[in-house]
Amino acid sequence: MGYTTIDEAPMPQPPAEPVTPNEVIRTDVAIIGSGMGGGTMAYALKDSGAKILVIERGHRLPSEPENSDLNEVYLKGRYKNADTWYNGRTGAGFKPGVYYWVGGNTKVYGACLPRFRASDFEETQHQDGTSPAWPFSYADLEPYYTRAEELFQVHGQIGEDPTEPPHSKAYPYPALDHEPAIQDLADSFRRQGLHPFRMANGLDADTPEKRALCATSDGAPNEAGLKADAEKVTVDPALASGNVTLMTDTKVTRLVASPDGQTILAALAENNGRVIRIEADKFILAAGAVNSAALLLRSATPENPRGLANSSGLVGRNYMVHNSTFFIGINPFKVNRTLWQKTLGLNDWYEAGPSNKYPLGNLQMLGKLRASMLKMARSWAPNPILKAMSDRSIDIYLTTEDLPRRDNGISVIDGKIHVWWEPNNLGPHKELVKRISKAVRKAGYPVIFTERMGIETNSHQCGTAVAGHDPHTSVLTPDCRAHDLNNLWIVDSSFFPSSAALNPALTIAANALRVADSLLATGTTSPTTMTADNRQPTTNDR
Ligand SMILES: Cc1cc2nc3c(=O)[nH]c(=O)nc-3n(C[C@H](O)[C@H](O)[C@H](O)COP(=O)(O)OP(=O)(O)OC[C@H]3O[C@@H](n4cnc5c(N)ncnc54)[C@H](O)[C@@H]3O)c2cc1C
């Protein structure tokens, strides 16, 4: 059953009786989620002197030949392990674009790691309304972008993209060069007066041999370990420090607050049918924008019937993704042999300019589409046709900003996640598709297919607990601590006040480093005394 608006949805009910845990463990800092935000936070706090426990509902994704077997990855959905979410309006179930593994979504991400533009942090006028300012500026985040680029081994080149904001340091690795078909596309764009650039990327793929080993790594894991994912570059080094422990297969189901609702006392988690109560001085939530908001809503009590950290009523609201289109250009007479296609970007209309009154968005490449990927969307189409198409296509991903709306949001009904999402700002998106169609045709690809992505393509989700100065209009302080709570921070993309139109992961990592610094500066992670009967965390790390 659906609800026309999110306001009609019932609130989660507090449990009828207190839950009796099978085990109680204690740590200084509990981090919920081991993806981009949580993993980076664990890395940043590893030498703080505090005992850090990372709690992850998934386990380690196996490194196996199936990692690059496209039938396994796409047709059989071998690594797609998220629960079903529901369209709040229609009640229809869908499989979201989220993955529950150590490293979170970064295990399958395309590792495009651009910084947001300086204008993304400022109030910006769009066709459908205002994109709000962030409570900190690009300049504030810049040093952390530099650190995040080093951590995630980003390859890139300053000076190619006119919208690139100032960098205090060069990229740590040279940009990945285009393969011939993409170089031809870039050359044509340039002849057309555009400014293509080599996209910032966290993939170690600077030789043809390495390219061959990561040709399928956008949307799939990389067995060769060439992708800078959060497990590899943050979680594992954090564990190696000896100060960080990882609990896998452990899903946090509820946060328990003090009677005054101002302090989180414990997280309740399920591990193989057992209930574990995890007590900590500080809690860092990094379960992904939807799951983090859902956890706060699920933690409702009679004293806090709207959930925790929710005096503003904005937990779960302002849900944003991107307006995105998969764009395929085909030249029937030219085979595209590119292995790693995601080397090209175009931001000519990212910001408002002489030819566009409002910002349009970003062009980047998709990982090379193959027949089995197209089969998912067009199951009726014969395989030889799909193969002929994908062999001759260049494959593009277009993203435009989705503006925050109170009515776009998530709610938990009968324990299940429901999403209300009515896309906005579609005029600029259509204009971007139109302009790119023209440019791609001119580049020699006369046949074009486009498909705008729907509610299930939500891997760029954000905004469900926005950061801001005013507790009435935001959930988190500028340093990402809950306004209502003295010991809960959120470091996934929930805090984004706007979605920008670029990939979010580097900004999540940079912000986690920034928040970690604010914790370290205030001494809030100084070790707490462990009492004799406190049990050490159990590691269930497989
Ligand atoms: C196919 C694909 C391609 C992508 N490509 C790019 C790209 O090229 N560039 C880019 O910038 N971004 C990309 N993204 C998006 C990027 O991966 C995410 O923005 C980023 O990983 C989000 O970080 P996060 O910390 O918010 O969440 P995640 O990285 O998803 O981490 C959340 C973690 O929390 C765990 N968790 C959830 N709920 C609980 C709970 N209740 N208890 C315990 N643990 C929990 C999850 O299992 C997960 O490990 C892509 C995503 C996908 C799916």
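**Group meeting: a walk through the model**

Let's start with Val102, which is buried, with a relative accessible area of 0%. Before I go on, please keep in mind that this is a predicted model.

So where does Val102 sit? You'll find Val102 in the loop between strands E5 and E6. The list of what Val102 touches, leaving out residues up to four places away in sequence, runs to Ser34, Glu56, Gly58, His59, Arg60, Lys107, Glu231, Val235, Leu246 and Thr248. Take Ser34 from that list: Ser34 and Val102 are 68 residues apart in sequence, yet their C-alpha atoms are 5.6 Å apart in space.

Stay in that loop for a second, please. Ala111 is also placed between strand E5 (93–94) and strand E6 (124–126). Ala111 has a positive phi, about 60°, and it isn't a glycine. As background, most residues other than glycine have a negative phi. Is Ala111 buried or exposed? Ala111 is buried, at a relative accessible area of 1%.

There's another one of these at Gln153, where phi is near 50°, again positive in a residue other than glycine. Gln153 belongs to the loop between helix H3 (138–151) and helix H4 (180–191). With 26% relative accessibility, Gln153 counts as partly exposed.

Phe152 and Leu255 are the residues with the most contacts inside the largest nonpolar core, which has 105 residues. Which helix gives the most to this core? That's helix H11, residues 505–521, with 10 residues. As a general point, nonpolar side chains in soluble globular proteins tend to be buried together. There's also a second, separate core of 23 residues, and that one includes Ile182, Phe327, Leu344 and Ile448.

Back to Phe152 and its surroundings. Not counting residues up to four places away in sequence, Phe152 touches Met36, Thr40, Tyr109, Leu113 and Gly202, among others. Its contacts also include Ala228, Asp229, Ala230, Val233 and Thr234, plus Ala509.

Several of those names bring us to helix H6, residues 230–240. In H6, the buried residues include Ala230, Glu231, Val233, Thr234, Val235 and Ala238. What covers them? The cover includes helix H1 (36–45), H3 and strand E9 (244–247). And remember that Val102 touches both Glu231 and Val235.

After H6 comes Gly242, with a positive phi near 85°.

The largest cavity has about 90 Å³ of space. Its lining is made of 14 residues, and nearest the centre are Arg117, Glu164, Tyr171, Phe197 and Ala200. By class, the lining of the largest cavity splits into 6 nonpolar, 3 polar and 5 charged residues.

Then the second largest pocket, which holds about 300 Å³. It has 19 lining residues, with Pro15, Pro18, Arg254, Val256 and Thr301 closest to the centre. Strand E10, residues 250–257, gives the most to that lining, with 4 residues.

First, Asn336, in the loop between strand E14 (322–330) and strand E15 (344–346). Asn336 is polar but counts as buried, because its relative accessibility is 6% and the cut-off is under 20%. So what does its side chain pair with? There's a polar contact of 2.5 Å with the side chain of Thr338. A polar atom of the Asn336 side chain also lies 2.8 Å from the backbone oxygen of Ser393. Beyond its neighbours within four places in sequence, Asn336 is in contact with Ala181, Gln341, Lys368, Asp391, Arg392, Ser393 and Ile394.

Last one: Ala309, in the loop between helix H7 (289–298) and E14. Ala309 is buried, with a relative accessible area of 7%. Leaving out residues up to four places away in sequence, Ala309 touches Leu296, Val315, Val475, Ala482, Asp484 and Leu485. As for Asp260, it is 49 residues from Ala309 along the chain, and their C-alpha atoms are separated by 12 Å.

That's my tour, thanks.

Definitions and conventions:
Residues numbered from 1 in each chain as written. Predicted model: local features only at pLDDT ≥ 70, side-chain atom pairs only at ≥ 80, totals over all residues. Heavy atoms only, no water. Helix = DSSP H or I, 4+ residues; strand = E, 2+ residues; numbered from the N terminus. Buried < 20%, exposed > 50% of the residue type's maximum accessible area, 1.4 Å probe, protein only. 1 Å grid on protein atoms, 1.4 Å probe; cavity = no way out; pocket = protein on both sides within 12 Å on 5 of 7 lines; lining within 4 Å. Points joined across faces, edges and corners; volume = space filled by probe spheres on them. Contact = heavy atoms within 4.5 Å. Core = buried A, V, L, I, M, F, W, Y, C linked by side-chain atoms within 4.5 Å. Polar contact = N/O pair within 3.5 Å; in protein donor to acceptor, adjacent residues only side chain to side chain.
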